[in-house]
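Here is a short briefing on one protein model.

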Amino acid sequence: MKYVSTRGQSPALSFTEILLGGLGPDGGLYLPEQYPQFSQDELNAMRGMNYRDLAFAILSRLIDDIPADDLRAIVDKTYRADVYAYARPG
């Protein structure tokens with residue numbers, strides 16, 4: 001997935017290329033070229049997920065240049081009750 005600047009004067013880049021950059025070189029914000037679409041079945045399944053699994057399900061559609069196992073590890077380390085106060089157990 002590529003991300004484009006809201007000002008349209010910067011090259012389309014991958015998630016890892018924009019992650020720590022803040023604004024694009026043209027001063028615009030980077031947004032996905034296109035947003036992922038979720039089926040009704042996927043949305044229904046998401047309703048029963050805990051926050052960590054929901055975060056992974058969504059982020060994995062927006063981040064395709066970090067291996068899934070690595071992204072899962074990042075999400076699991078981030079969305080824990082002792083780190084994220086609003087996490088549901090699970």
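The largest nonpolar core has 11 residues: Tyr 3, Phe 15, Ile 18, Tyr 30, Ala 55, Phe 56, Leu 62, Ile 63, Ile 66, Leu 71 and Val 75. A nonpolar core is a set of buried Ala, Val, Leu, Ile, Met, Phe, Trp, Tyr and Cys residues joined through side-chain atoms within 4.5 Å. The model is predicted: local features need pLDDT of at least 70, side-chain atom pairs count only at pLDDT 80 or more, and totals for chains, interfaces and linings use all residues. Residues are numbered from 1 along each chain as its sequence is written, and side-chain values use heavy atoms, with hydrogens and water left out.

- H3 gives the most, with 3 residues.
- The core lies between domain 1 (1-35) and domain 2 (36-89), because both give residues to it.
- Domain bounds come from an automatic or database domain assignment.

**Ser 14**
- Ser 14 sits in the loop between strand S1 (3-5) and helix H1 (15-18).
- Ser 14 is buried, at 11% relative accessible area; buried means under 20% (1.4 Å probe, protein chains only).
- Its side chain makes a polar contact with the side chain of Asp 65, at 3.0 Å.
- A polar contact is a pair of N or O atoms within 3.5 Å; within protein, one must be able to donate a hydrogen and the other to accept it, and residues adjacent in sequence count only if both atoms are side-chain atoms.

**Overall**
- The protein has 4 helices and 2 strands, in the order β-α-β-α-α-α along the sequence.
- Helices (H or I, at least four residues) and strands (E, at least two) are DSSP runs, numbered from the N terminus.
- Of the 90 residues, 24% count as buried.

Technical notes
Buried < 20%, exposed > 50% of the residue type's maximum accessible area, 1.4 Å probe, protein only.
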